Amino acid sequence: MKALKTPKSSSIQQDHELVETVAGIVKKVQLEGDQAVMELTKKFDGIDTGSIRVSSQEIKNAYNLVEKATIEHLQYAAAQIKFFAEKQLECLKPVEVASNVAGVTLGHRLIPVKSCGAYIPGGRYPLPSSALMSIITAKVAGVKRVAACCPPSREHKAIHPAVLVAMDIAGADEVYLMGGAQAIAAYTYGTQTIDKVDLIVGPGNKFVNEAKRQVMGAVGIDSLAGPSEVLIIADESAVPEYVAIDLLAQCEHDPSARGILVTTSEKLVAEVEALLKQYVNMLPTGQTAAKAWEDNGHILLVDDLEEAIAVANELAPEHLEVQTSKDDEVSKALTNYGSLFIGKYTPVSFGDYVSGTNHILPTAGTAKYSNGVWVGTFIKTSFYQKVSAEGAKNLSAACMHLASVEGLCAHQKSVALRVE
C-alpha cells in the first residue's frame with residue numbers, strides 16, 4: 001500500500017477553551033431557562049426573538065415561502081424515509097418464551113422513549129433533509145412527543161422556511177427557534193417553555209457535539225458526531241468523473257469534511273486529481289470543497305481489492321462507496337461503515353436525501369461498534385420475567401449459591417424466604 005496523498009492532520013485533540021465555553025452555556029441555560037436561550041440566540045445568531053417556540057401559524061406561513069416543487073420533493077423524500085423505517089420496525093418483535101426451566105417465563109417488550117429532541121443544524125446551508133431523517137424515524141418508532149429545533153437563518157431571521165416545512169411534513173409535535181449548545185442544554189434540563197426530553201438526536205457543529213458530550217447521562221444521545229467523511233473503493237473499471245464528483249460532494253459540506261480514495265489503479269488517481277481541479281472551478285461550493293480536499297483528502301494506492309477491503313474495514317468510514325468490477329463480492333466482505341453505497345450509480349447523495357436510509361451516521365471510526373439513527377434508536381428493549389412457585393424452587397439452589405459466592409446475603413435470603 002502506498003499513500004499518494006495524506007491529510008495534513010488526522011489527530012483529534014480536545015479544545016479546552018471549547019469545553020469551558022460550552023460548560024458555561026449549559027450552566028447558564030440550566031439556571032436561567034428561556035431568558036438564557038434568547039440571550040444566547042441574540043449573541044451567537046444575531047437574532048432578537050421574543051419567543052423560543054415557533055407557532056403553528058408561522059409554520060403554516062412557511063409553506064408560502066417555499067417553492068411548490070421543493071414541498072413536493074420533500075414529501076417524496078419523507079415517504080421514502082418512512083417506508084424504510086417502517087420496514088425496519090417490522091423486524092423488531094416483542095418476545096415471550098417459556099424457559100427451559102419449568103415455571104419460568106422470559107421476555108422482552110419494545111418500549112419507545114417518551115420524548116425526544118431532534119436537533120436540525122443551521123450553519124452554511126439549510127438542511128431540511130436532516131429534519132426528515134430524525135423526526136420521521138422517531139414518529140415511526142412510536143415516540144409520542146418529538147420536539148424539533150434549529151438555529152435561525154440570518155436571511156429570514158427565523159428558522160429557514162424549507163426546514164420549517166420539512167419539520168411539519170415529518171410530524172414534529174413542537175418546534176423551537178434555538179441552536180448551539182444552548183439548545184442541547186434546553187432539551188436536557190428544560191426551560192419555562194420547553195419540557196426536557198429523554199433523548200437527543202441529530203448532528204451539529206463542535207459546540208453542539210461538546211454539549212452532547214457534557215450532558216450525556218442526564219439525557220440520552222444518539223452519538224458524538226465528528227466531521228463528515230466518505231471512503232471510495234475503486235478499481236480501473238471506475239468512472240473517474242463519478243469518483244471525483246463524489247469526493248467533492250462530501251468535501252463541500254465544510255472545510256473539515258474528509259474524502260478518501262482507496263484504489264488499485266494509479267491511472268485512475270491521475271484522472272481523478274485532474275477532474276478535481278476542473279470541478280472545483282465549476283462549483284459554487286468549490287472553494288469550501290477545495291479547502292477540505294487540500295487539508296483532509298487522502299489517496300491510498302493498494303495492491304488489490306482485498307487490501308482495499310482491509311483498509312476500509314479498519315477506517316470504518318461514515319459513508320462507503322464501492323465502484324469496482326466486483327461490487328457485490330467486495331460489498332459482502334465489508335463490515336465497518338455507517339452506510340454502504342454499492343455500484344457506480346449509487347452516490348452518497350441518494351442516501352443523503354431520497355433513497356430512504358438514514359443519513360445521521362457514525363463518524364471518526366465509530367462505525368466499528370455503532371450504527372446510524374434508525375427506529376431502534378428510539379426504542380428500549382426492556383426485559384421481564386415471571387416465575388411461579390415451581391419455577392422459584394427450580395432456580396433457587398443455583399441462585400442462592402452464586403449470591404453466597406458474591407457475599408450478597410440479602411440476595412440469598414430473598415430467595416430462601418420464598419422456597420424454604
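User: Before we start, when does a charge count as sitting over a ring?
Analyst: NZ of Lys or CZ of Arg must be within 6 Å of the ring centre and within 35 degrees of the ring normal.

User: Which ring does the charged end of K5 sit over?
Analyst: The ring of W293. The charged end of K5 is 5.2 Å from the centre of that ring. Bear in mind that this is a predicted model.

User: How many aromatic pairs are there?
Analyst: The count comes to one. The pair is Y242 and Y345, with ring centres 6.4 Å apart. Their planes are at 55°, so the pair is tilted.

User: Where do Y242 and Y345 lie in the chain?
Analyst: Y242 is in helix α9, residues 240–251. Y345 is in the loop between β13 (339–342) and α14 (348–353).

User: Is Y345 buried or exposed?
Analyst: Y345 is exposed, with a relative accessible area of 59%. Y242 is partly exposed, at 32%.

User: New topic. Why is helix α6 called largely enclosed?
Analyst: Helix α6 covers residues 161–170, and eight of its ten residues are buried. That is why the rest of the structure largely encloses it.

User: Which residues of α6 are buried?
Analyst: P161, A162, V163, L164, V165, A166, M167 and A170.

User: What follows α6?
Analyst: G171 does. Its phi is positive, near 100°.

Technical notes
Residues are numbered from 1 along each chain as its sequence is written. This is a predicted model: local features need pLDDT of at least 70, side-chain atom pairs count only at pLDDT 80 or more; totals for chains, interfaces and linings use all residues. Side-chain values use heavy atoms; hydrogens and water are left out. Buried means under 20% relative accessible area, exposed over 50%, partly exposed in between (1.4 Å probe, protein chains only). Helices (H or I, at least four residues) and strands (E, at least two) are DSSP runs, numbered from the N terminus. Rings of Phe, Tyr and Trp (its six-membered ring) pair if their centres lie within 6.5 Å; planes under 30 degrees apart count as stacked, over 60 as edge-to-face and the rest as tilted.
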